[in-house]
Amino acid sequence: MRSGMKQDDNRRVAYACSYTPQALIAAAGLIPWRILPTGEAPETAGTVLHDNLCPHVKLIFDRANDDSVGKFAGVVLVDSCDAMRRLADAWRRIRPDEPVELLDLPVANDEGSIDFFAGALRRLGVELGKWSGQPIDDEALIESINKYNEQAELLGRARKRFLDGEIDAAAMQEVFNAAAVADWEQAEKLAAIESVDSSAKTPVYLFGNVQPHPAAYKLFADCGARIVEEDMCTSARMVRPIIIEDDDPYRSIASSLLNGPRCARTIDLKRPGAAAIEIAEAAVKSKASGVIAYTMKFCDPYLARMPSIAEKLKAEGLPLLVLEGDCSLRSLGQQQTRIEAFVEMIRDN
Amino acid sequence: MKKYFDDLIDGIEQSFIERPESKSARKVYALNIARIGARLYTPGADVAWCGVLAPFDLLNALGVTNCFVEFVGAMLASTGASAMFIEAAENGGYSTDSCAYHRAVAGATMLNQMPQASFIIATNCPCSGGLAAIENLARIFNKDMFMLYTPSRIDEHSEKYLTEQIAAMVDFVSSQVGRKPDPARIRQAIEYTNEARELLVETYKLARSTPSPARIKDLENLGISLALMLGTPEGVEVARAYRDEFKQKVEAGIGGVKNEKHRILWIQNRIQFSNPIIRSIEQEFEASIVVDELNEVYWDPIDPDDPYPGIAKRIMTTPLLGPIDRRIEQLQGLARDYKIDGAINPCHWGCRQGTGARAMVEKGLKEVGVPVLNLDVDCVDSRNFAEGQLRTRLEAFFEMIN
């Protein structure tokens, strides 16, 4: 495991999306470092971006513009949505000395998409090698994938402890946050602690996108909701083990990422609306009494699918509470009454 | 809806007979748009619903009734009917923060006013919202979906991949309609496309004249909607009508706007519903919209014997693809070529890819001496249209560029 490193470590490569090929970045001797939408950087995104972009992107911009994240060897952003594309443009303006790669991420997971994505990863690998001065060969990449899978296993263990009720969602989020900034020593420590909040009783399934604050999960618990399973970009979807197939590590990464846990932006061409189906199936499997959706404002992939998700959950007899936030605790705190009322309502479901 | 379009067709055709002098290029365009609408809403018409950048000339050559979904949103807005459908969508759980083009489509689907799909051709460009709207249609209509993925990196790898996908799309469509593609029809379609392209290039060159022959609404939606007619004689007819009209006006020194004082570049989409602002631009401020960003022909003629690479290249020329610097360069080029005094950017609420970049676009045009008026407006939903506020902004803008 890599040990924790300093924020001014110039091997860091900033990233923002759980589809980022972290093993590829590490294979170049660089350190993938996720910029979480946290901190108190001044709000400056509106000077370059528009207010109608999601808070995730705006908060990342704010941190980058404030320099509070330090310098990076480079930035790998994924073309997962329109907002991320604009973030890439904006980053180039405010930090022109840092190379920015916008990685094309196909929206489907068919074989053609995987092949193309593998090619895009190869080309990214060449750039990463230039950034570090350490070109990537297949052997180094396979070694990096194996290390990455160990890390994914640690995260998987933390999730399993959470699913088994040995740790609560807040503690699990602490593990993921440490892992996001490559502080693996801390992640390991946190994954081993005991912390169960037994006061919250009503089982709830949580899905959505970005919510990195452990205190958010404490707030859910304070409202009586015990998160029994979750599907969030800042936790569950960060666990993406890579299955090495056909001795092609790039294709292996491509396939594993596209076939891994789905963000709503990724489409199953054979099952349009699969996101809704999968969320409903997972919610039923978790034996939750109800479902909470936590998404950021202006997140088009989730906004557009929410009605179909609601429909599927209704068919399963599962009430849904939709919360829109700005990744902050403040906005979630303002919805405490709604969460309490929802939990009260589903208590006997 | 069918009746609406049929009445429109009858009215325009009748006017051509009774008053031949009224046969303007814009009316020829409107007639053909109405015919598209009528086809879509003909009972039993199974429509291939598509994303904006689908290759409609190919689909026309394959004998498929086709359209991009946002056409319905725009059409509902232009008839003044969009509010009802948007409200239906909102009541059905679609967020007011999402693009109203797509909310209108969702509402139309919920109210059974979206023609039945035969199959779906999804495109990820220009936006995530559009792709999601298309996926919803595939789900609701339970129809097969093909994904035409356009990478944002503009290079030979992306072109090659897009070319391969276009070929695969043709196979997909053939399997859906149960007939093999006819190479002769495809060839003919591409020849029509190239012919329309040449005429459009001439048209836009003529629009650069001073005064510009373009009336205030002449160029509205032209490029986007004419894409639906590419590959057909109708596309050539409309493009030729424009070219001939503009040529005649330029030769006679007739401007589209009387006393053209200002030349305006219109960024991205027009406001689709009837509104007094556009007339004010012409009559009060004596400004001419001489170019619409999305009309411009950025692509080369396509080889009729091997069309797929050329079509891939065409798709990749859209200004809405790739880094914003590319789009800004294109806008700066338009500003120079059309001798622009100012640009108007209707920052459509819910448009992340477009409106999200507005500050960068504004700065980029400022660098070449072109001020930009960013209007906070919804191009499809008229419910919150704030005429007073917009007028004040326009007054200040035109005073500044005076």
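Visitor: How much area do chain B and chain A bury between them, and what percentage of it is on carbon and sulfur atoms?

Guide: Happy to show you, and please keep in mind that this is a predicted model. Between them, chain B and chain A bury about 3700 Å², with 55% of that area on carbon and sulfur atoms. Chain B brings 46 residues to the contact, and chain A brings 40 residues.

Let us look at the polar side of this meeting place. There are 21 residue pairs in polar contact between chain B and chain A, counting pairs with both residues at pLDDT 80 or more. Five salt bridges cross the interface. One of them joins Arg153(B) to Glu101(A), whose closest N and O atoms lie 2.5 Å apart.

Now turn to the side of chain B that touches chain A. The elements giving two or more residues to that side include strand S4 (145–148), helix H8 (156–177) and helix H14 (324–337) of chain B. H7(B) supplies the largest share, eight residues. Sorted by class, this side of chain B has 20 nonpolar, 17 polar and nine charged residues.

Finally, zoom in on one pair of helices. The axes of H4 (residues 111–132) of chain A and H8(B) come within 11 Å and cross at roughly 175°. An angle over 145 degrees counts as roughly antiparallel, so that is how H4(A) and H8(B) run relative to each other. On the H4(A) side, Gly112(A), Ser113(A), Phe116(A) and Arg123(A) take part, and they meet His157(B), Ser158(B) and Tyr161(B) of H8(B). The residues of this helix contact comprise two nonpolar, four polar and one charged.

Terms used
Residues are numbered from 1 along each chain as its sequence is written. Chains are lettered from A and ligands numbered from 1 in the order in which they are written. This is a predicted model: local features need pLDDT of at least 70, side-chain atom pairs count only at pLDDT 80 or more; totals for chains, interfaces and linings use all residues. Side-chain values use heavy atoms; hydrogens and water are left out. Contact means heavy atoms within 4.5 Å. Buried area is the accessible area (1.4 Å probe) that two parts lose on being put together, summed over both. A salt bridge is a side-chain nitrogen of Lys or Arg within 4 Å of a carboxyl oxygen of Asp or Glu. A polar contact is a pair of N or O atoms within 3.5 Å; within protein, one must be able to donate a hydrogen and the other to accept it, and residues adjacent in sequence count only if both atoms are side-chain atoms. Helices (H or I, at least four residues) and strands (E, at least two) are DSSP runs, numbered from the N terminus. Ala, Val, Leu, Ile, Met, Phe, Trp, Tyr, Cys and Pro count as nonpolar, Asp, Glu, Lys and Arg as charged, and the others, Gly among them, as polar. Axes are lines fitted to C-alpha atoms, for helices over the stretch in contact, and angles run from 0 to 180 degrees between N-to-C directions. Angles under 35 degrees count as roughly parallel, over 145 as roughly antiparallel, 65 to 115 as roughly perpendicular and the rest as oblique.
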